[in-house]
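Please have the sequence and the structure at hand while reading.

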Amino acid sequence: MSETGNPDAASTPPPRFTVETAKVLAEVAHNRQKDKLKRPYREHVLAVGDALADFDDDIRIAGYLHDIAEDTPITRQALLDMGVSERAVGIIERVTKRLQDNPDDYQAGIRFIAEDHDAALVKIADNAHNSLPERVRALAEKWPDKPPVTRYADARPVLYGAVDVEEVRKILARVNPWLLEELDEQLDEADDTDYASLSYESYEPSAAEPVGTETPAEAMPGVES
């Protein structure tokens, strides 16, 4: 029997670390931090987590906590002790720049992240929020010679190539729908189909259809009745 007198207390598992828990932790951990534009940093991490609402809990948790190992003293073991899953912690570590082999090589870090589907999803959400039009304009005004958002644009094709295009659309629709047009342009550029040379075979009646009879319009592909 446990010290509380409840025989079941000793076998009761600790509370599950939920998406809502991650959201609260992110708010608290980043509460006093500011971004490059001196805005509350918690707004960014919350937006990244919110952008991943169409995905499973581990990915959403990693979204809310994607910068916690980068910008706070909270360690891997502390996260595990809180109940964060190994999978979510692994995603967080992969997107943490200071834990990568060459933290100063941004594009190498992007390629490393793109090797993992789940981490790529989180980084796409991070990239998309950092690339909101008003933020792009503000950063360009502050650093006219070399705006930080230039590297975000260079990273997107690499990240997009690591996941399904519909997953990218889901994220962009939630956090930065202005990037959907850019995505479609990239898809058009990547499409090397020679449409001018395509030939379309004419409809051939099946053996079951009597020759000489009129084929119903509804049976013909691409023809409306």
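Helix 1 (residues 19-29) packs against helix 3 (residues 57-64) at an angle of about 5°, and their axes are 8 Å apart. The model is a predicted one. Angles under 35 degrees count as roughly parallel, and helix 1 and helix 3 are therefore roughly parallel to each other. On the side of helix 1, the contact is made by Val19, Ala22, Lys23 and Ala26, and on the side of helix 3 by Asp57, Arg60, Ile61 and Tyr64. By class, the contact of helix 1 with helix 3 holds 5 nonpolar, no polar and 3 charged residues.

A second pair joins helix 2 (residues 42-51) and helix 11 (residues 165-175), which pack at an angle of about 135° with axes 8 Å apart. That angle makes helix 2 oblique to helix 11. The crossing of these two helices is right-handed. Helix 2 brings Ala47, Asp50 and Ala51 to the contact, while helix 11 brings Ile171, Arg174 and Val175. The residues in the contact of helix 2 with helix 11 are 4 nonpolar, no polar and 2 charged.

A further pair is formed by helix 10 (residues 149-160) and helix 12 (residues 179-190), packed at an angle of about 65° with their axes 12 Å apart. Helix 10 and helix 12 also cross in a right-handed sense. Here Arg156, Pro157 and Tyr160 of helix 10 meet Leu179, Glu182, Leu183 and Gln186 of helix 12. The contact of helix 10 with helix 12 divides into 4 nonpolar, 1 polar and 2 charged residues.

The angles and axis distances are set side by side below.

| Helix pair | Angle | Axis distance |
|---|---|---|
| Helix 1 and helix 3 | about 5° | 8 Å |
| Helix 2 and helix 11 | about 135° | 8 Å |
| Helix 10 and helix 12 | about 65° | 12 Å |

The aromatic rings come next. How many aromatic pairs does a search of the whole structure find? The search gives 0 aromatic pairs. Charged side chains do lie over rings, however: Arg94 is over the face of Phe112, at 4.0 Å from the ring centre. Likewise, the charged end of Arg151 sits over the ring of Tyr106, 4.3 Å from its centre.

Terms used. Residues are numbered from 1 along each chain as its sequence is written. This is a predicted model: local features need pLDDT of at least 70, side-chain atom pairs count only at pLDDT 80 or more; totals for chains, interfaces and linings use all residues. Side-chain values use heavy atoms; hydrogens and water are left out. Axes are lines fitted to C-alpha atoms, for helices over the stretch in contact, and angles run from 0 to 180 degrees between N-to-C directions. Helices (H or I, at least four residues) and strands (E, at least two) are DSSP runs, numbered from the N terminus. Angles under 35 degrees count as roughly parallel, over 145 as roughly antiparallel, 65 to 115 as roughly perpendicular and the rest as oblique. A crossing is left-handed if the near helix is turned anticlockwise from the far one by less than a right angle, and right-handed if clockwise. Contact means heavy atoms within 4.5 Å. Ala, Val, Leu, Ile, Met, Phe, Trp, Tyr, Cys and Pro count as nonpolar, Asp, Glu, Lys and Arg as charged, and the others, Gly among them, as polar. Rings of Phe, Tyr and Trp (its six-membered ring) pair if their centres lie within 6.5 Å; planes under 30 degrees apart count as stacked, over 60 as edge-to-face and the rest as tilted. A charge sits over a ring if NZ of Lys or CZ of Arg is within 6 Å of the ring centre and within 35 degrees of the ring normal.
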